[in-house]
Amino acid sequence: MRRRIVVALLPVLVLLVVGVGISYAVVVGERQTQQVFIDRSGDAVRFATLAEAAISSGDSSRLHAELDAYQELYDSPVWVLGLDGSLLHDPGVPLPSGEMVADNVQRAFAGSRAAEAGTVWPWTAGPLRVVEPVGRDSQVTAVVVIEAPTDGLRQATLRQWGVGAVLLLLPIGALMAGLWPLSRWILRPVRDLERIAADVRGGDMGARAAVAHGPPELRGLALTFNSTVDTVQRSLERQRMFVADAAHQLRNPLASLRLSVENLRPWAREPEAREAVDDAVDGAVQMGQMFEAMLAATAVASQERVSDREAWTLQQVFAVGRPRWEQVTSEHGLALRVDDPEPGLALRQPPGGLVAVLDELVDNAARLSGAETVTVSVAVDTARRLGTVTVADDGTGLSAEERDAARGRFWRAQRHQNVRGTGLGLAIIHDVVEDVEGELRLDANEPHGLRVSVRLPVVSAG
């Protein structure tokens, strides 16, 4: 989460750096360009004064000498254009052509001076040109054109940009360096709470979050979480106590009721009376079976799930469950085929354990499918996040409507009404598997039969 906070702040910092950096770069570029332009404009004004004096006196020797020396010193050629377009001073370099130069020259002959030049950026390669009229207003007699190289200007701009980037990145770096420990202090309770929540989800109901670190708001959140876990734990304990009390208080009355009804047989001499007694005994038996199933469902739902750190590998699950599966399938005349799971693979355990879930599925397939073979297999997705244990048979299977209804409580297919069972097995499995973020699927097997798949998260076995 600390990385996510830093990543969330990065766009703001980037926008800040970009905004300040672009503004700084523009100001530096304009300032450097204007500085060079002002320097060259001052030179142009001085040369315009010399040109005006040369034109008035008719002696251009001094003008030519100074302009040649200037060109040699600064590598900046200078042209002096007369009113008729002739060159009063030719530096030996062709006069720059182009619409912009021609417009500036025309404005200079009209008596206008350029107040500023276009900004020179490090990626622009053209020179900087300054055009200065000789004379003023209607008395302009010539125009001075200076072409200044911009290599030094571009390098100076780049240097200033580099210095600015360093000065800008230093506080940003200091902010980032301080943000890391600050976010660690803020998020320490969140990390503790996440770890404790994972422990609780893993079945450790005694885990509690620390409340002595971090901001007050997060300490309050930890206290609320601890109170919630306390409430859930008390509720589970009360549920387990109720199950134990109900089992103790109701088993004996049900057994006594059945015994009392059976004791009526000697006095039931009429066929109708004997039939009524038999019906009463069957009802008592079914009531007892239903009661036991309901107790089992409540007991399973109230059990704490095995911690992920203590989860059995599938090899251990299959080793414990396989003798029971072989016994059940052989009693019903079915063959059992078990595909060995990969070593070390462990899935999250539902309340009651994965062994109990597979026992119920294999028992259902043996009693209800009318199959010849029951197959137990394992598959893992490519990301190794989910594992699927499948119990498949080649029997009569269930229709699509029956598969949708089979996970409901007390549901039984019409053809299975006389087979022992309560219709709670799949419902219990569905509930306990969903409690651990798993999924129970019922699909048609090919070419016939039923596939019951239990999909659970992959965990690291302890």
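Predicted model: local features only at pLDDT ≥ 70, side-chain atom pairs only at ≥ 80, totals over all residues.
**Entry 1: Glu 439 and its partner**

I then checked what Glu 439 pairs with. Glu 439 forms a salt bridge with Arg 455, and the closest N and O atoms are 3.7 Å apart. I noted that this pair links distant parts of the chain, with Glu 439 in strand E9 (residues 439-444) and Arg 455 in strand E10 (residues 450-459), 16 residues apart. Arg 455 is partly exposed, at a relative accessible area of 31%. I also found a network of salt bridges that links Glu 439, Arg 441, Asp 443 and Arg 455.

**Entry 2: other salt bridges**

I took the total next: the count comes to 14 salt bridges. I looked at two others by name.

The side chains of Asp 340 and Arg 322 meet in a salt bridge, at 3.8 Å from N to O. This pair too links distant parts of the chain, 18 residues apart: I located Asp 340 in the loop between strand E5 (335-338) and strand E6 (346-347), and Arg 322 in helix H7 (residues 314-331). Asp 340 counts as exposed, because its relative accessibility is 65% and the exposed class begins over 50%. Arg 322 counts as partly exposed, at 31%.

Within helix H2 (residues 61-74) I found Glu 66 and Arg 62, 4 residues apart, which is about one turn of the helix. Glu 66 forms a salt bridge with Arg 62, and the closest N and O atoms are 3.6 Å apart. I recorded Glu 66 as partly exposed, at 23% relative accessibility. Arg 62 is exposed, with a relative accessible area of 56%.

**Entry 3: helices H8 and H10**

How do helices H8 and H10 pack, and at what angle? I read an angle of about 150 degrees between helix H8 (residues 354-368) and helix H10 (residues 425-435), with their axes 10 Å apart. H8 is therefore roughly antiparallel to H10, since angles over 145 degrees fall in that class. The crossing of H8 past H10 is left-handed.

I listed the residues that meet: Val 357, Glu 360, Leu 361 and Asn 364 on the H8 side, and Gly 425, Leu 426, Ile 429 and Val 432 on the H10 side. I sorted the residues of this contact into 5 nonpolar, 2 polar and 1 charged.

Technical notes:
Residues numbered from 1 in each chain as written. Heavy atoms only, no water. Axes fitted to C-alpha atoms, helices over the stretch in contact; angles between N-to-C directions. Helix = DSSP H or I, 4+ residues; strand = E, 2+ residues; numbered from the N terminus. Parallel < 35°, antiparallel > 145°, perpendicular 65-115°, else oblique. Left-handed = near helix turned anticlockwise from the far one by under 90°. Contact = heavy atoms within 4.5 Å. Nonpolar A, V, L, I, M, F, W, Y, C, P; charged D, E, K, R; others polar. Salt bridge = Lys/Arg side-chain N within 4 Å of Asp/Glu carboxyl O. Buried < 20%, exposed > 50% of the residue type's maximum accessible area, 1.4 Å probe, protein only.
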